[in-house]
Amino acid sequence: MLKVNQLQFSYGKNSVLKDISFNAKQGENIAIIGESGSGKSTLLKILYGEYDLNDGQIFWKDTEVLGPKYNLVVGYDFMKYVAQEFDLMPYISVEENIAKHLSRFFPEETQQRVDELIEVVELEAFAKTKVKTLSGGQKQRVALARALAKQPEILLLDEPFSHIDNFKKQSLRRNVFKYLKAHNVTCIVATHDKEDVLGFADRVLVLHDKNVVANAHPKDLFQNPKSPLIAAFFGEFNEIDGTIIYAHELNVVSESRLKSTVKTSYYKGAFYLIEADLNGKTILFQHNALLRKGEVVYLEIQK
């Protein structure tokens, strides 16, 4: 189990994280969300031992995770970290990058392991390709496979699919998180993408103002957002009579107290996102058909 107790960290005099505490069980997937600058990436680097704490402790099982003051080489054998900078070897192939830290004494087993991971990250056609010729998204996939190569007990991922185009992102996300669950790898993922969270995370930590302001299952956070910050992560929302209402929770009806005037319609594929005026305030709701500017519609909240 990963145990984080009362972690505090500053860059010089600039406090970044305060009183951060949470646990992660073996095989659990924890997502860390928050606005840019909230400390997500910094927290991952601290968990990896890249920085020294101002206060607090971090344990993986019985091993205390310590920073560079205590370790000549940053990191631990049981933990791998995939940063937004991939740190690959550009002049060797994809499979050579993945195999770099695997045993040379068992070449058949090593090749099987490399082939398995290349399939996980969907790079079969590029196995022999030198990394320097790959796109940013392909390099990110190589970095993921390389991190998994030595079978870490805990994997730290910083925006793991941010460079990957939409043609590959969905299937790759499923492959990677399915692999981690199947191999009981604890995963801590810092992300700004709700698709990394819904359907995959066991729990979500919300960072705001240097603290963890929520720690819950993604379904609980989605269905009962306690703040506009949390609601905004999951989708378009409104505040009506002091209550957070998602755009999909507003339906057009024949008559109600919520009388609005359409301003703009945005085609979203499965629906239109409608921007409308409600008593001088802009609101957003979903509708299955295009609505014209100036059209008056009545809305009803259906949670």
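1. A quick word on terms first: helix axes here are lines fitted to C-alpha atoms over the stretch in contact, and angles run from 0 to 180 degrees between N-to-C directions. Helices (H or I, at least four residues) and strands (E, at least two) are DSSP runs, numbered from the N terminus. Bear in mind that this is a predicted model, where local features need pLDDT of at least 70, side-chain atom pairs count only at pLDDT 80 or more, and totals for chains, interfaces and linings use all residues. Residues are numbered from 1 along each chain as its sequence is written, and side-chain values use heavy atoms, with hydrogens and water left out.

2. The overall picture: the protein chain has seven helices and 17 strands. Its C-alpha atoms fill a box of roughly 75 × 45 × 30 Å along the principal axes. Of the 303 residues, 45% are buried (under 20% relative accessible area with a 1.4 Å probe, protein chains only).

3. Have a look at α4 (residues 136-149) and α5 (residues 166-182), which pack at about 5 degrees with their axes 12 Å apart. Because of that angle, α4 is roughly parallel to α5 (the label covers angles under 35 degrees). On the α4 side, the contact (heavy atoms within 4.5 Å) is made by R141, L144 and L148, and on the α5 side by K168, L172, V176, Y179 and L180. Six of these residues are nonpolar, two are charged and none is polar.

4. Strands β9 (residues 203-208) and β10 (residues 211-216) run antiparallel and are joined by five bridges; strands count as paired if DSSP finds at least two bridges between them. V206 stands opposite A214 in β10. Two residues separate the strands, and D209 in the turn has a positive phi of about 50 degrees.

5. T191 sits in the loop between β8 (186-190) and β9. It counts as buried because its relative accessibility is 0%. Its side chain reaches the backbone nitrogen of D193 at 2.9 Å. Leaving aside residues up to four places away in sequence, T191 touches I32, I33, K40, E159, D196, V197 and F233.

6. Finally, there is an open sheet of four strands, ordered β2-β1-β4-β5 with antiparallel pairing. Its edges are β2 (14-24) and β5 (63-64), each pairing on one side only. Two bridges join β4 (residues 55-60) to β5, and W60 stands opposite T63 in β5.

Notes
Parallel < 35°, antiparallel > 145°, perpendicular 65-115°, else oblique. Nonpolar A, V, L, I, M, F, W, Y, C, P; charged D, E, K, R; others polar. Buried < 20%, exposed > 50% of the residue type's maximum accessible area, 1.4 Å probe, protein only. Polar contact = N/O pair within 3.5 Å; in protein donor to acceptor, adjacent residues only side chain to side chain.
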